[in-house]
Amino acid sequence: MWVLRRWIQAAATVLSNAYLLFPFTRNIYQGKLKSMCVPGLNCYSCPAATGACPLGSLQTVLATVRPSLKAGNMHIGLYVLGILGITGSLVGRMPCAWVCPFGLLQEMLHKIPSRKIEIPHWMIYIKYGFLALFVILLPLLVVDGLGYGITWFCKYVCPAGTLEAGIPMLFLQPQLRELAGWLYIHKIAILFVFLALMVFIRRPFCRTVCPLGAIYSFFNKASIFRMVHHPDRCVLCKECYNHCPMGVKFYEGANQPDCIRCLKCMQESCKFGAISYEIAGLPAKGEKGTSAETP
Amino acid sequence: MLKTRKSGFLLLLLFLLFLVIGINAGEVTVVWEKAVNVCLACIGIG
């Protein structure tokens, strides 16, 4: 299962960035696929990107909601929310583990041998602040004279955008280099801080900052695919926590907001069958039932 | 368990409705127009 997940992560990364003509066009892909949001964090200004970033798209719609409404267009973000909500309703935060290119990068860098550090639990709530402030409130409320806001998270925070678009685009379009100033340096600094943190901390960006993961996390308790904990079989050995890429203490309850359903705990850590999953309330093949679930 | 099962499907229906309304409102074009132009903010120079 672990190898399968790696292959799916790699395939998703390639499919999300499959426009290989960019070295010749020196521009980003501009085809019809760009109207579809990909499920993971993947900057749409990456030269190879084939789809739209759901987080960037959501900010864009919110930042332009006033002029749109004034012009009589009901562009209030329902298309993007629909895509995110459908994904979340089906599998909760699973895209973070299986198809997010930035998640894959974090896991690969964490494999570098080094002393590993655990973050305080309260830090996982910071991402909800980023979601509320940088993705929703600031794009919606801070507007210019014409009513247009900006994509605050993309502009001031997103290290995925810097890595996938900021660095490559400055190579492809030399005229952009003259425009790079303090903001570019600020974003490069954020990127490198996170790249360094990824070596020592399990998925630091996903756990503390990512607003996309924060959105998906709201669905973990109610999604059709759900994890199940069997307390009667659990011996509290904490092996699930030791191996979890998100540092989730599964034995304290299934479907916690930070559980990305990678299934590593179920497949590799738990030797006692205390972890399983269910789909639409039906237990996974081979499981006896879900009545012993911890909420 | 039945309640959980229902909530997942109810959410799915709700967001499917969102998606359909959004498509009918023309939001697909809004997303596409943003995504096919280089986002200077994303790059860090806008």
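This is a predicted model: local features need pLDDT of at least 70, side-chain atom pairs count only at pLDDT 80 or more; totals for chains, interfaces and linings use all residues.
Of the 46 residues in chain B, 43% are buried.

Chain B has three helices and zero strands. Read from the N terminus, the order of elements is α-α-α. Along the principal axes, the C-alpha atoms of chain B occupy a box of roughly 50 × 25 × 10 Å.

Now the contact between the two chains. Chain A contributes 50 residues to the contact, and chain B contributes 35 residues. Which elements of chain A give two or more residues to the side that touches chain B? They are α3, residues 54-63; α5, residues 78-91; α9, residues 152-156; α10, residues 159-172; and α11, residues 182-200. The largest share of that side of chain A comes from α5(A), with ten residues. Sorted by class, the side of chain A that touches chain B has 28 nonpolar residues, 18 polar and four charged.

Next, the domains of chain A. Domain 1 covers 2-13 + 54-216, and domain 2 covers 224-283. Taken over C-alpha atoms, the centres of domain 1 and domain 2 of chain A are separated by 26 Å. Where they meet, 17 residues of domain 1 of chain A are in contact with 13 residues of domain 2 of chain A. On the domain 1 side, at least two residues each come from α1 (2-16), α5, α6 (94-98) and α12 (204-208) of chain A. So much for the elements; by class, that side of domain 1 has eight nonpolar, two polar and seven charged residues.

Let me turn to α3(A). How many of the ten residues of α3(A) are buried? Ten of the ten are, so this helix is largely enclosed by the rest of the structure. The buried residues run from P54(A), L55(A), G56(A), S57(A) and L58(A) through Q59(A), T60(A), V61(A), L62(A) and A63(A).

One partner of α3(A) is α8(A), residues 126-141; the two axes come within 8 Å and cross at roughly 25°. An angle under 35 degrees counts as roughly parallel, and α3(A) is therefore roughly parallel to α8(A). The crossing of α3(A) past α8(A) is right-handed. From α3(A), the contact takes L55(A), L58(A), Q59(A), L62(A) and A63(A). From α8(A), it takes V135(A), I136(A), P139(A) and L140(A). By class, this contact of α3(A) with α8(A) has eight nonpolar residues, one polar and no charged.

The last pair is α7(A), residues 101-110, with α11(A). Their axes come within 6 Å and cross at roughly 55°. Are these helices parallel or oblique to each other? They are oblique. The crossing of α7(A) past α11(A) is right-handed. Here Q106(A), L109(A) and H110(A) of α7(A) make the contact with L195(A), M198(A) and V199(A) of α11(A). The residues of this contact divide into four nonpolar, two polar and no charged.

Note on methods:
Residues are numbered from 1 along each chain as its sequence is written. Chains are lettered from A and ligands numbered from 1 in the order in which they are written. Two residues are in contact if their C-beta atoms, placed from the backbone, lie within 7 Å. Helices (H or I, at least four residues) and strands (E, at least two) are DSSP runs, numbered from the N terminus. Ala, Val, Leu, Ile, Met, Phe, Trp, Tyr, Cys and Pro count as nonpolar, Asp, Glu, Lys and Arg as charged, and the others, Gly among them, as polar. A residue is buried if 20 or more other C-beta atoms lie within 10 Å of its own, exposed if 12 or fewer, and partly exposed in between; C-beta atoms are placed from the backbone. Domain bounds come from an automatic or database domain assignment. Axes are lines fitted to C-alpha atoms, for helices over the stretch in contact, and angles run from 0 to 180 degrees between N-to-C directions. Angles under 35 degrees count as roughly parallel, over 145 as roughly antiparallel, 65 to 115 as roughly perpendicular and the rest as oblique. A crossing is left-handed if the near helix is turned anticlockwise from the far one by less than a right angle, and right-handed if clockwise.
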